[in-house]
Amino acid sequence: MNNHFPAINLPKRLLLGPGPSEVDPRVYRAMIQPVMGHMDPLFLEILNQVQEMLRRSFRTRNAITFPIPGTGTAGMEAALINFIEPGDEAAVIVGGVFAARMCEIIERCGGKLNRFDVPWGTAADPDKIRQALRGKKIKVLAMVHSETSTGVCQPLEPIRQIAEELGALLVVDTVSSLGGLPLEVDAWKVDVSYSGSQKCLACPPGLAPITVGERAAEVLRKRRTLVQSWYLDMSMVEKYWSAERRYHHTPPVNMLFGLHEALRLLQEEGLEASWKRHRGAHAGLVAGLEALGLQMFVHDPAFRAATVNTIRIPEGVDDVRVRTCLLQRFGIEIAGGLADLKGKIWRVGLMGLTATPAMVLQLVSALEFVLAECGYKFQPGAGVAAAEKALAS
Ligand code: PLP
């Protein structure tokens, strides 16, 4: 057996895929502080601050707001299994891989699934959903705000109205939108929302912020059966994050230091300024790509997520060759399509630190270089010029 286990010493990549995204150096620095005990009063004060900053980021006053250990999927699982009991009806708007994952979780916890499929790359028509669900006793209506597999941003407000009409809890995945796209948990009456630390929050993967409103908390308190997961049972986890401070599991202390710093960064910039920055970077990228003759996968600009940009791979261009070349020659990571979109689209994340003019210009110029090498025909320099113009306006 080979007994040589070299130290990890990897090149620095520029993470322009759909996540994980670039981590701010301040976040890395916060994470290398010494581990503290999870009952140390100094650490508990940091937790209070993390909670308060998360409330501001979700735009909510929900008492139950904290990060749970695990990636975005842990957040998804917690947001569903705590509120659905065997036999309960739940509906999911499915326009991509991540909403489909919600369906699998609902079925695993015994929920009766009403799946509302929409063509990938388009947003759901609220009237059609209303019609499909009319008269049903839906306990949870779930949707993905920014579907990272397609780049669609589903407007929340019309769906919230449907949830209200049905008397259902509205559960919203904000994994690739929290901090990057406008989100108003309280004003839009979102009952439960969860995210991931590794996208617009500029933190490594490993924490899933979640927020639970009073209506949903009441549903949890009135359950007839135990939550199927001990670890993700919010009624127990919540006891550590509230005044009781009852031990449930050892929190990932250094990840929480990192998230604390990431949230401080977001507060310093201001949430609305961050939304605006993401919108501006997206506009610059789209202008640059279209000037190269490339087409966005989401046809209607009104439904494009600024955070996850999806591009149709042009005829005759080799998906893997382009991505490999970007990685090997420029150290830039972008992603391909998932499931049915494999080989058909590229996915470019402009999230957190990468939603800037500098990153957009770097990507568009590298892409020009690589596309030319792959035999794709366009006017050299057109992409960079158009991106510059859009970014300047
Ligand atoms: N939901 C959405 C919209 C996502 O983009 C992702 C991951 O990219 C997830 C859920 C799952 O998160 P994770 O991969 O961190 O478990």
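A residue counts as buried if 20 or more other C-beta atoms lie within 10 Å of its own, as exposed if 12 or fewer do, and as partly exposed in between, with C-beta atoms placed from the backbone. By that rule Ile313 is buried, because 21 other C-beta atoms lie within 10 Å. The model looked at here is a predicted one, so local features need pLDDT of at least 70 and side-chain atom pairs count only at pLDDT 80 or more, while totals for chains, interfaces and linings use all residues. Residues are numbered from 1 along each chain as its sequence is written.

Ile313 sits in the loop between strand S11 (308-312) and helix H11 (319-330). Helices (H or I, at least four residues) and strands (E, at least two) are DSSP runs, numbered from the N terminus. Along the chain, Ile313 and Trp346 are 33 residues apart, yet their C-alpha atoms are separated by 6.6 Å. Trp346 is also one of the residues that Ile313 touches, along with Asp319, Gly343, Lys344 and Ile345, leaving out residues up to four places away in sequence. Touching, or being in contact, means that the two C-beta atoms, placed from the backbone, lie within 7 Å.

With residues up to four places away in sequence set aside, Gly180 touches Cys200, Ser274, Trp275, His278, Ala306, Thr307, Met351 and Ala355. Asn82 is 98 residues from Gly180 along the chain, and the C-alpha atoms of the two are separated by 27 Å.

A few spots in the backbone stand out. Most residues other than glycine have a negative phi, and most peptide bonds are trans. Lys189 is not a glycine, but it has a positive phi of about 50°. Lys189 belongs to the loop between S8 and S9, and it is partly exposed, with 16 other C-beta atoms within 10 Å. Ala202, also not a glycine, has a positive phi of about 55°. This alanine, Ala202, lies in the loop between S9 and strand S10 (207-212) and is buried, with 27 other C-beta atoms within 10 Å. The peptide bond from Gly19 to Pro20 is cis, with omega near 0°. Pro20 itself is found in the loop between strand S1 (14-15) and helix H1 (25-31).

Next come the helix pairs. Two packed helices are described by the angle between their axes and the distance between the axes. Axes here are lines fitted to C-alpha atoms, for helices over the stretch in contact, and angles run from 0 to 180 degrees between N-to-C directions. Angles under 35 degrees count as roughly parallel, over 145 as roughly antiparallel, 65 to 115 as roughly perpendicular and the rest as oblique. A crossing is left-handed if the near helix is turned anticlockwise from the far one by less than a right angle, and right-handed if clockwise.

Helix H2 (residues 41-58) and helix H9 (residues 253-269) pack at about 45°, their axes 9 Å apart, and are therefore oblique to each other. Their crossing, H2 with H9, is left-handed. The residues of this contact of H2 with H9 divide into 11 nonpolar, four polar and two charged. For these classes, Ala, Val, Leu, Ile, Met, Phe, Trp, Tyr, Cys and Pro count as nonpolar, Asp, Glu, Lys and Arg as charged, and the others, Gly among them, as polar.

The axes of H3 (residues 72-81) and helix H4 (residues 97-108) come within 10 Å and cross at roughly 50°, which makes H3 oblique to H4. H3 passes H4 in a right-handed crossing. Met76, Glu77, Leu80 and Ile81 of H3 make the contact with Arg101, Met102, Ile105 and Ile106 of H4. These residues of H3 and H4 divide into six nonpolar, no polar and two charged.

Helix H5 (residues 126-133) and helix H6 (residues 157-166) have axes that come within 10 Å and cross at roughly 20°, so H5 is roughly parallel to H6. The crossing of H5 and H6 is right-handed. Here Pro126, Ile129, Arg130 and Leu133 in H5 meet Pro158, Ile159, Ile162 and Leu166 in H6.
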